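My notes follow the order in which I checked things.

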Amino acid sequence: LLLSNSGVVKLENNRGAHIAQPTSEEALAVFEARRAIEPNVARLAAKKIVSEDREKLSKHLEQEALANRVGDRHSAIRLSGQFHTQLAEIAKNMVMARMVKELVARTSLIIGIYGAPGTKNCHDDEHQLILDALERHDEDLAASLMEKHLMHIEQQVEIMFSLLSLLSWLTSATTSTFLLSMTLLLFGSRLFVLRLSSFTSSTSNFPSSLFSRFFNSVSFISSK
């Protein structure tokens, strides 16, 4: 029941419990909520953090970095989420802490189900920047870094869902073999955009807005 309330498990009559399958709309709603809450959590944490908290977070980031180095994706996702819940605990606001814990659980589920093998919940270097701001008790910087950090994660999620939608369309198209091969070979390149754009000009049912949003997301991440 607890997992159901947090959106990780879905309960259905006469079918029992199964892992939830969040939609793209549900995923983006999660990040809207996180961006509304967690910058303020970071602000409070910067105000209230003590030396014991700093030491605990530093050790946590070492474990997170190690999990990323050795390719332990499961641990990396779990540890990256725990960084955010630990900040909520440092902020000493139990209402925020419960909300962050639920939102992080939903985010980890989304990344775990839809993410590619190399996809992770958070970048540990961004966590380190947040910790540096906390150590200086810089409330404004901590809040700003958290907001940017969450936007980066959200951008990864948008790419995942856009790519899944695009590949779903490609596999159902009459020229799916050609297009899918072209996608895999030229993914992320402007040559791919030009060739696919040429094709879509004569294909009325191609979701052009979807592809544009997807490519813009890729360009955004690539520039970081």
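For the element names in these notes I take helices as DSSP runs of H or I with at least four residues, numbered from the N terminus. I keep in mind that this is a predicted model.

Entry on α4. I looked at what comes after α4 and found Lys92, with a positive phi near 60°. I then checked the length of the helix. With 18 residues at 1.5 Å each, α4 should span 26 Å, and its end C-alpha atoms are 26 Å apart, so the two agree. I also looked up burial: 13 of the 18 residues of α4 are buried, so the helix is largely enclosed by the rest of the structure.

Entry on α2 and α4. I noted that α2 covers residues 24–48 and α4 residues 73–90. The two pack at an angle of about 55°, and their axes are 8 Å apart. That angle makes α2 oblique to α4. The crossing is left-handed. From α2, I listed Arg34, Glu38, Val41, Ala45 and Lys48, which meet His84, Leu87, Ala88 and Ile90 of α4. I sorted the residues of this contact into five nonpolar, three charged and one polar.

Entry on Leu61. I located Leu61 in helix α3, residues 51–69. Its relative accessibility is 6%, so I count Leu61 as buried. Which residues does Leu61 contact, leaving aside its neighbours within four places in sequence? I found Phe83, His127, Gln128 and Leu131. For the pair Leu61 and Phe83, I noted a separation of 22 residues in sequence and a C-alpha to C-alpha distance of 7.9 Å.

Conventions
Residues are numbered from 1 along each chain as its sequence is written. This is a predicted model: local features need pLDDT of at least 70, side-chain atom pairs count only at pLDDT 80 or more; totals for chains, interfaces and linings use all residues. Side-chain values use heavy atoms; hydrogens and water are left out. Axes are lines fitted to C-alpha atoms, for helices over the stretch in contact, and angles run from 0 to 180 degrees between N-to-C directions. Angles under 35 degrees count as roughly parallel, over 145 as roughly antiparallel, 65 to 115 as roughly perpendicular and the rest as oblique. A crossing is left-handed if the near helix is turned anticlockwise from the far one by less than a right angle, and right-handed if clockwise. Contact means heavy atoms within 4.5 Å. Ala, Val, Leu, Ile, Met, Phe, Trp, Tyr, Cys and Pro count as nonpolar, Asp, Glu, Lys and Arg as charged, and the others, Gly among them, as polar. The expected span of a helix is 1.5 Å times one less than its number of residues. Buried means under 20% relative accessible area, exposed over 50%, partly exposed in between (1.4 Å probe, protein chains only).
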